[in-house]
Amino acid sequence: MSAIPATAPDTRDEARRALHYALPVALMLALAFLVLYPLGTLILASFLSAPPRPGTPLGLFTLANYVALFDSANIRAAVNSLVFSVVGSVAALGIGGLLAWLVARSDVPGKPLVALAGVAPLFISSLVGAVAYSLLASPRSGFINMALRDLGIPVVFDIYSGAGIIYVFALFYAPYAFMFMSGALQLMNPELEEAAEAHGASRTEVLRTVTFPLIKPALLGAGILTLVLTLENFPVPQVLGTPNGIETIPSLIFRNVMSSPARPTQAAASGMLLLVLMGLLVWLQGRLLRNQAFHTVTGKGFRPKLMPLKAWRWPAFAFAMLYLLAAVILPLFALFQSALRNHSFVPNFLSLFDASAFTLRHFIATLNYGPFQGAVINSLIVGVATALAGTGFHFLLSYYVNRTTYPWRGAIEYIAMMPVAVPSLIIGMGFLWAWIALPLPIYGTLTILVLAYTARFMPQGFRSVSSTILQVHRDLEDSAIVAGASRTRAVMDILAPLIRPGIASAMLLLFLLAMRELSTSVFLFTAETRVLAIILYEQWESGSWARVATISLLYCALLFVITVAGRKWIGLRGL
């Protein structure tokens, strides 16, 4: 009897082997298109005499762009970037960390208000915050300086200074430190602190030798993240530094591209300097946390111990309310004043409260302003598309890295995290040069913004989805597969329902990040694809302060409504 050929098993094995390599190849091609190709184009342009353009030969190879980094303007911009970022990040870390400790580990009164103070500034982007403080603390017409003059106090605050930039950084990046550290403080076992106190340690010694070392990952994570975000920040130095000629590396890059004659390849070289600095920061974070254990949560239950503040209870509450005043209430007050006044001239501080000077005509005019209406629609489209496409792609990456044994998982994870070290301003420039040369009609459409945002926020989306997937043990999916379900069905029927809140949170995060983004968009938009951040920046450049304030308020209101609606949708009402 002749043997029966094993055609079907062979076919299944071939299909399995094909999938074993097809999926990683497809993911690597997608990552190459979104990350490696634009970054490689940017690096190439930094060594050329002219940027790559479709239909023209490449410029000459030159090192002149890097030699120019050593001129006085570039050195001054680099020093400014480092000083403003380091000091601003330390201040933000101090404010956010103290608020987090008050909420998680102290008996401060009014704890819901203190928690609100820790997160409320997230609804005000750094661009809006810089604009608001231009109204509050400009030397001549700022509302705070106006009040001081009327009171006869010989003090003048100048927000158009390095100190002003640091101040705004500290205010509007403190919430990142608060979010990182509040969770770590709530999960820390209080028995460790109690043991130190039992051996005679004072409260200060307990904080220094037990509390802070145990939350070192959160502390370093918040510090490095804040430092990276402030180092690459473009709108705050642009709004507050330009009047007095103060430049940072991002604002210098923008000036090199937009000046006449433009120096785009020199801007690319400046971007490489910023890229190296940010890469070193990310490497330093990993180096400091390598091979160290910080586990404080075990199978034994515990309740976080609240430290009694005694006489410091109300001063601590006053500090939180002072921060809420500086970061939220005063900026909104300034924006409302500028948006509601009939004219910009304000004779004295008391006239700010003259109701007869108020009008709604700026709101009506802005709501009927065609470019604003188009920008709202564009922002919503881009935000929704980025949230859907980005979360879907990031889920696929995360599942591949964390749930499969296919090849190249380490390389895929590394490339997915690479944009965290790439400044958003220069990555936008890289996207422009890379994708405009392709035979794809995406430049001048919203598609290029969606692709750019998906790449730009890949580290945030990938980490957010990964943390959710890792909370679900893979045995649940394996059990379904053993029972006869395909892997796709196991994911759809088992994993997806369990991680729905986490996936929805990642979608909301990507949506809000896309709605707030300016730096990536500044080189990619056209007259038909302007988003809200671009419209706001254009109005600031034209000096239309009433419209700037009105758009800023509507912008903040839109972010607030979307966040509240999104949190209710994903079931976070109690947070």
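Tutor: Let's start with a term: a patch is made of residues with over 30% relative accessible area and no salt bridge, and nonpolar side chains are joined within 5 Å. Keep in mind that this is a predicted model.

Student: Which residues form the nonpolar patch on the surface here?

Tutor: Phe-70, Ile-75, Val-79, Val-83, Val-86, Val-87 and Val-90 do, with about 630 Å² of accessible area together.

Student: Why is Val-87 called partly exposed?

Tutor: Val-87, which sits in helix H3 (residues 72-105), has a relative accessible area of 40%. Buried means under 20% and exposed over 50%, so Val-87 at 40% is partly exposed.

Student: Good. What makes helix H18 mostly covered?

Tutor: In H18, 12 of its 12 residues are buried; among them are Ser-424, Met-429, Phe-431 and Trp-435.

Student: And how far does H18 reach from its first C-alpha to its last?

Tutor: Helix H18 (residues 424-435) reaches 16 Å, close to the 16 Å expected for its 12 residues at 1.5 Å a residue.

Student: How do you know whether Gln-539 is buried or exposed?

Tutor: Its relative accessible area is 7%, and the cut-off for buried is under 20%, so Gln-539 is buried. Gln-539 lies in helix H24 (residues 532-542) and touches Tyr-369, Ser-544, Arg-547, Val-548 and Ile-551, not counting residues up to four places away in sequence.

Student: Now the rings. How many aromatic pairs are there?

Tutor: The count comes to 20 aromatic pairs. One of them is Phe-143 with Phe-333, at 6.4 Å centre to centre and 75 degrees between the planes.

Student: What makes that pair of Phe-143 and Phe-333 edge-to-face?

Tutor: Centres must lie within 6.5 Å, and planes over 60 degrees apart count as edge-to-face. With 6.4 Å and 75 degrees, Phe-143 and Phe-333 therefore qualify. The pair links distant parts of the chain, from helix H6 to helix H14, 190 residues apart.

Student: Why is the pair of Tyr-537 and Trp-540 called tilted?

Tutor: Their planes are 35 degrees apart, with 5.6 Å centre to centre. Stacked needs under 30 degrees and edge-to-face over 60, so 35 degrees makes the pair tilted. Tyr-537 and Trp-540 are 3 residues apart in helix H24, about one helical turn.

Note on methods:
Residues are numbered from 1 along each chain as its sequence is written. This is a predicted model: local features need pLDDT of at least 70, side-chain atom pairs count only at pLDDT 80 or more; totals for chains, interfaces and linings use all residues. Side-chain values use heavy atoms; hydrogens and water are left out. Patches are made of residues with over 30% relative accessible area and no salt bridge: like charges are joined within 9 Å, nonpolar side chains (Val, Leu, Ile, Met, Phe, Trp, Tyr) within 5 Å. Accessible areas come from the Shrake-Rupley method with a 1.4 Å probe; for residues, only the protein chains shown count as cover. A salt bridge is a side-chain nitrogen of Lys or Arg within 4 Å of a carboxyl oxygen of Asp or Glu. Helices (H or I, at least four residues) and strands (E, at least two) are DSSP runs, numbered from the N terminus. Buried means under 20% relative accessible area, exposed over 50%, partly exposed in between (1.4 Å probe, protein chains only). The expected span of a helix is 1.5 Å times one less than its number of residues. Contact means heavy atoms within 4.5 Å. Rings of Phe, Tyr and Trp (its six-membered ring) pair if their centres lie within 6.5 Å; planes under 30 degrees apart count as stacked, over 60 as edge-to-face and the rest as tilted.
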